[in-house]
Amino acid sequence: MFELLKARLAHGYQAIPDPLRARIHPSFPGVPVFLRAHEADFSAAAALCPTQAIEGFSLDFGKCVFCGACQRNFPETFAFSPEFRMASDSRNGLVVQWDPAKQASSRPSVCPSSVLQQGFSRSFALRNVSAAGCNACELELGAASNVNFDMGRYGLEVVASPRHADALILTGPVSANMAFALEETWLAIPEPKVLILCGACAISGGLFAEEGALDRSWLTGQSAALFIPGCPAHPLSIIHGLMSLLGRVD
Amino acid sequence: MICCGLILLWLTLIPALFRRSALFTTMLCLASVCLAFGFGRVLFSSAPQICHLQLATLPLAIQFEVDALAAFFGCLFALGFPLGMLYGHFYLKAHPGEGAGSHLFWLGIMMISMFLVLLLRHILLFLLAWELMSLASFFAILFDRNNRQTRSNALYYFVMMHLGAAVLLCGFALLYLNTGSFSFRNLVFAGLAKWLLIIGFAFKAGFFPFYSWLPKAHPVAPSHLSGLMSGLMIKTGIFGIILVLFRSEWQAIELYILLAVSLITAFNGVIHALTETNLKRCLAYSSIENIGLIGVGLCFWQLGILFANPLMSALGLAGALLHTLFHSTFKPLLFYLSGNILLATHSLEIDSLGGLHKNLNYTSKLFLLGSLSISALPMFSGFISEFSILGAILLGFNSHSLASTLCSVVAGGVFAFVSALVLIAFTKLYSIVFSGEARSEAASKAKEHPLGLLLSPAILALLSLVLGLFGKLGLAFVSPLCITLGISQSQLVGLGGLLRGISLILVLLLLVSVILFLLKSRLVKHSRHSTWACGYFKGSPKLQYTGMAYINPLAYFLKPLLHSPKLHQEVQGYFPRELNYREELFDYLDKGLIASLCRWLGKFYGLFSGIQNGKTNSYITYLLLALLALLFWVLGVPR
Amino acid sequence: MDHDTQQRNPFIFTFPEPLPHAEFISRISELSSSGYSPLGFFGTPEREILCLMGKAQHVPILLRTAFPAGHCYPSLSVTIPAFHIFERELWEEHGITPEGHPWLKPLRYPAGSPTKMESYPFFSSPSQALHEVGVGPVHAGVIEPGHFRFICQGESIQHLEIQLGYQHRGLAKLMANGDLRSKINLSEAIAGDSAIGHGLAYCLATEALCGAEPGSALKTPRRLALELERIAMHLADLSALAGDIAYLSGQNFFAALRTTIINSSLAICGSRFGKRWLCPGGINYGLNKEQNKTLRTTLLTAEKQIELSAKAMFSSSGVLNRFDSTGCISRKTAQELNMTGITAKAAGLPVDVRADFPAFEEGIFQAEILASGDVYARAYLRYKEIRQSLQMIDFWLSTLPDVKAAAVPLAKPRPNLLALSLVEGWRGRIAHIVKTDQKGNTEFYRIIDPSLHNWFALALAVRNEGISDFPLCNKSFDLSYCGHDL
Amino acid sequence: MILNLFFMLVIPLLFVGIINKTKAIWAGRKGPSLLQPLFTFLKLLHKQEIHSLSSGHIFRWAPSLALTAVFFAALFVPFGSRQACFGFKGDFFLVMSLLALAKAVLVLAAMDTGSSFEGMGASREISFTAFLEPAFLLIIGSLAYAGGLERIGQLFYRHTVNIYNEWSVIIAVMTALALFIMLLVEGARVPFDDPATHLELTMIHEVMVLDTSGPNLALVHYASALKMQIYASLISYFLIPEGMGTLGITLVFLLGSFSLAVLAGLVESLMPRFRISRNLELVIIPLSVALLVLAALIVHNMGGF
């Protein structure tokens, strides 16, 4: 008992004060930023990119696995701002374009979901389906509700049964062997419900995009409400994305 | 009225002989109506009615005495028989057995004899009727007589009944020696006689050491019969016990013994009901448990008298009688429905059933009502009686002798434990048999039955629901008898007020929940999808809880009280080849005591087998020896 | 062993002559009777069966034979259970039937396999009193998919069978095609929770094939990364174990500690999982003086807190009650099933690549082991390993100069070689086996995650346990689904 | 009367909220707001329902009946005012049976889905009743023994803890202990069950409602919270000395309930849960405690010591 108390005292208060406005370490690769539109760099980077995320003067960070190859090799063209607010409510929102007018690149954004009316904003239950995820996104999703990030404080929780859930949050690039279970889970969630894609694999198939062992046919039929990029998606990104989906981010 | 009823009943035997089931049933109904009216009149006018019947051929005048006690049980029977026969008629149609011919006849005899038992107050005639009842029911049980199991179990029943009858005979003999009168209309039982009589009746009622025939007889009997037997016939035992209790002086210690026996009966009954895997046997054991509860009520009736606590005795007796009434509604109900299940699936092993709520829609709903009633849940009949009995028990807490307080405490604890176990047993029974998906081919192919097989169950279910909601009705039915058995009006009135209040609350409860449900189903959209199975492809019926699994946490505690030979082969090695698990929980009394008793008897008689050796000369020797012995005896007698 | 074999992990082999099948089998049997255990056993696209047998402090032995005639041969698993999973693999991938195999069932249902997932031949019992419980593939928590089929008698598990394959992404195939040197991201995705472990194994194998040798200045950060990952994941497991028994304190204390550890990894390479830290030939991100200092102080403070929390947890009677003698694995079982990692070490089997096949010459390593083989042992061993790793890291940091991101350039892989690299990931022995063809292109790339061996042991560990203790046992193994399914 | 109803509607979900907040504080996190259970309740009312294909009618009406039964049971228990809404001598058996009814229909609904998870939960949950019902009866019995057979509310309210009379203290302390354990069991809290766990195989109450969705789930949540609160109020009415003003009673009641919630939260923070196989053995504790109390009283009254 005495050890326990000592440990508790040393443990202290661990929760991040405000996950929505937290500062993150500068080395974190968040929203990609173009510093300049340099033809040669872009084409060279496109060749380097393991997921063909770069084409033309655009970078699709729904595909990007944030390996940082482009940044390391062409530091004066590519940069990743330490910005975790990177979720988007549309697939296209994840494509960073070079805007010649502003001489800068675009930013993703999320507008509140229309499917979820009142009542959901203060309480939102997630049902995770890990379909061939490498367990990194799963761990980060788990971390989102741990003592530090504590998304429970907003009434966001991961529930045991899809019957109790309001959203299906998918991680991983849906393998053929998981396709049935994924659809089954979606059907098991009562209306109103939304689909959330978490991580590059879920959004675009990531590194496995062209592999025959995948079966993303069901996914293409669905329209996801939220895309949370990252490899894996950072807990802060997940929390911020969900909160903005619920219209609780001003 | 009653006489003509009885005469009609006799006449029913004619169609019975000619196997005219329909006619038999209708006449039976007519007879029962007459009898019901007759008994009802007596009961509510509460003036004992005596009718002499002088038969020239017999040296003695047959005397029917219809007092309140007889009238009460008479009413029960008169209501129960037609319903039972109504079901039986259709059951026999659906399930013709070899014994069908004589079956009806024996049923008729059985019913008549049961009435006679109530009516006769002449020792010999009473015993005669009693004997007739056992005999008739024995032959009635022998319905599927080609089935070996049936034969042996029926025989077992027959033997047990005769043991009981023997004890009864001794009791009455003793009574006769003491009083010199063959009529026991108004004499006080005392001493050994009353104990012998109690034991004799206990055999019929199924009290603790003597119950072992029920779980044997019921499963093999056709369902309508098992319904009648456990719903009504065992009540003749209760009738006798009330008679004896009422007509004799009791010491506290004696009552404590009776109380202990009743509690043991209830407890023992329920733990077997909990662990049984055969539907009908489970119901039989639950009958034993109910008898135990009735016994508890009766004991507190007498204790109340002893401790001059009128409220306690009132609650005790009223509770016991109410439970008698309710039990003869929901127990036949459950037995009839188990008959329906048997007809539909040809199986009574609950672990092989399941999912019947789809195919046997009405049966399942009625069974649910029955289970809820027997689990003494509010809004259903069992609750009222147990409420009253428990009230009596709690009053015992505050009595002034340590012994009685302790007894009440123990009784209260056991009572609550038992009622909780009943709840578990019957939730198990319903949900394993009816809920979920079918566990066997037969269960999935089951078909719902024609109206006939559902009619009397429906009536009984309705009855037990109404009686449960409006406890006052039940009380009104039992109170005349209570009064004649020495309960003061005022106590009953108090209880009545209480019951009225309760039924008010319960009706309110029912309304609110129904409104809530309707509101919800009106406002909330719902869709249907397969049960959540973690996204796995298809469910298999194996992926459901079994009865054994359901009670597993408790079985761990009850094991010591049960005879459980493990027939179990665990998986071996990294890559197991097979896994077989069988576990049966037997009754110690049956498999342990009685079985070994029979063995010993067999051995004992074996000793004499040498005598009959088929040699003429040896027989002549016996003869000579006998003559010599006689000679010596004659000479030995002093002049 | 001929001269061309590299004597040290990562190992390089030239192909030996193919043996006749009978001799191949007999060699394997005699090797395993002399203390060797299979590191790999699989069929190649060249219609050959390769077998790598390894023994502590010995150079592994590579055996080779052509596919048996009639595509069937007497199963090894009958006598050496360690091979059962390999033979299932062989059967599924190449249709070669090991006759008499006691448990010949599909393993991971690769794309286009004839067998259907929904018709997996589960072991079952005719007894009516027994019921089955099917858990997964979609679990209640946030866990990878897998299907567990229990046969229970009430609350107690009679038998458990585990059906995997849901995570199959055809990863091995992706690793094999294209330039070997560009597969770092993919190798980190083999099992995201051991990105460093698999990444390092990949780097070692690749460098060995390309004949490159990163200097020791680059090696220490790699070992550091590996141990950091070990600490982080062990902390995660301790937290999860506490969570499974609703021990709130342990759950949150260790979770917070893990956060600090992986955040310091983020401070170095930008990924909380140490992704993109390593690259074939070197490291992408260096460790300068003040990074070194901050990391060191972080770890020192963390160490204190870990001490406290662990003391509290392992002295709580309630916790011990749940952990003690739950889900036991005997040393014998661990050995026979060729188990690796925490689970084996907790059963008293001292198998640890860092000691048996050291990839980094300096320093003598002594593996921590415990004997009892229950959940307690697995939990407590994690704590001991955390301490051990912390001490090592602290030592390295104290001696480490200012490290710049650097990588030796990689030539094209040398032709006709087979490289075997072994890494002790936090789960156990990770083996990567790469073979180059004449042109130096990758012929095949085999990945053998520790989970491949240990999953079956989990099924054995929970026999006759309460079914409600299964999650606890499962977490105490904490095996990888995607590492198994690939 | 009005006060009672008001508190019956408000407190139970708050009670759960406080437990969770306590746990969060111990864990060193911010944690969900006190009203989170209420928010979840309201949200669930906005959801649709999905009914299992294997399930029949019971699954649909069970939650409504269960909630109503618990609610009516609560009507016999004072919530903040001196008197309960209803009450008659010996009404405890009705309360007991109403709670049993609620449990029974929920169990039947769980079994109705034909899933081994629900079966597991149902069998675990229903097994508790076997030992809780006798315990409850004996607790009532001992109170009745001390103060005569009364309405359930009065039994507890009437029992004034007089520190100069060790017997009243014994009853109060031990009975409160027994009731608190029953609260933990019936409320499916640690160490008997873990509402926070996300593992079907280890849950008890949660896994029973694994298939229940939308408003039905909301009703079940509320019912179980109310059931917990019933025990909490009974305990807190011990602390109310007789002859206290209504305001005082209300205050003491609120204080008592909330401190019980905090206590439950602390238990969850400090204790790991038991093995399920051990649960039943430990559920016997209230029973034995109740028996002990009764024995002590009897001996005392019989002029022992």
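**Note on domains, interfaces and core**

1. In this predicted model, the C-alpha centres of domain 1 and domain 2 of chain A lie 24 Å apart. The domain assignment places domain 1 of chain A at residues 32-105 and domain 2 of chain A at residues 124-245. Where they meet, domain 1 of chain A contributes 16 residues and domain 2 of chain A contributes 20 residues. On the side of domain 1 of chain A that touches domain 2 of chain A, nine residues are nonpolar, three are polar and four are charged.

2. Chain A also holds an open sheet of four strands, arranged in the order 2-3-5-6 with antiparallel pairing. Its edges are strand 2 (54-55) and strand 6 (104-105) of chain A; each has a single partner strand, so one side of each lacks a neighbour in the sheet. Strand 5 (residues 95-99) of chain A pairs with strand 6 of chain A through two bridges, in the antiparallel sense. Within strand 6 of chain A, the residue opposite Trp98(A) is Ser105(A).

3. Chain C is likewise assigned two domains, domain 1 (11-99) and domain 2 (171-485). A distance of 27 Å separates the C-alpha centres of domain 1 of chain C and domain 2 of chain C. The contact between them involves 20 residues of domain 1 of chain C and 19 residues of domain 2 of chain C. On the side of domain 1 of chain C that touches domain 2 of chain C, strand 1 (11-13) and strand 2 (37-43) of chain C are the elements that give two or more residues. Strand 2 of chain C gives the most, with five residues. By class, this side of domain 1 of chain C has 15 nonpolar, five polar and no charged residues.

4. Chain C meets chain B through 30 residues of chain C and 27 residues of chain B. At least two residues of the chain C side come from each of strand 7 (131-135), strand 8 (147-153) and strand 9 (156-163) of chain C. Strand 7 of chain C supplies the largest share, five residues. The chain C side comprises 14 nonpolar, 12 polar and four charged residues.

5. The contact between chain D and chain B takes 57 residues from chain D and 61 residues from chain B. Several elements of chain D each supply at least two residues of its side, among them strand 1 (49-52), helix 3 (57-75) and helix 5 (116-147). Helix 5 of chain D gives the most, with 16 residues. The chain D side has 32 nonpolar, 20 polar and five charged residues. Strand 3 (residues 526-529) of chain B and strand 1 of chain D run parallel and are joined by four bridges. Arg528(B) has His51(D), in strand 1 of chain D, as its bridge partner.

6. Helix 20 (residues 489-523) of chain B has 35 residues, which at 1.5 Å a residue should span 51 Å; the end C-alpha atoms are 51 Å apart, in agreement. Its buried residues include Leu492(B), Leu495(B), Leu499(B), Ile502(B) and Lys520(B).

7. The largest nonpolar core has 596 residues, and those with the most contacts inside it are Ile196(A), Cys198(A), Ala318(B), Leu421(B), Ala66(D) and Val70(D). Helix 16 (residues 402-434) of chain B provides the largest share of this core, 20 residues. Among the residues that Cys198(A) touches are Cys137(A), Leu141(A), Ile169(A) and Ile238(A), with residues up to four places away in sequence left out of the count.

Technical notes. Residues are numbered from 1 along each chain as its sequence is written. Chains are lettered from A and ligands numbered from 1 in the order in which they are written. This is a predicted model: local features need pLDDT of at least 70, side-chain atom pairs count only at pLDDT 80 or more; totals for chains, interfaces and linings use all residues. Two residues are in contact if their C-beta atoms, placed from the backbone, lie within 7 Å. Ala, Val, Leu, Ile, Met, Phe, Trp, Tyr, Cys and Pro count as nonpolar, Asp, Glu, Lys and Arg as charged, and the others, Gly among them, as polar. Two strands pair if DSSP finds at least two bridges between them. Domain bounds come from an automatic or database domain assignment. The expected span of a helix is 1.5 Å times one less than its number of residues. A residue is buried if 20 or more other C-beta atoms lie within 10 Å of its own, exposed if 12 or fewer, and partly exposed in between; C-beta atoms are placed from the backbone. A nonpolar core is a set of buried Ala, Val, Leu, Ile, Met, Phe, Trp, Tyr and Cys residues joined through C-beta atoms within 7 Å.
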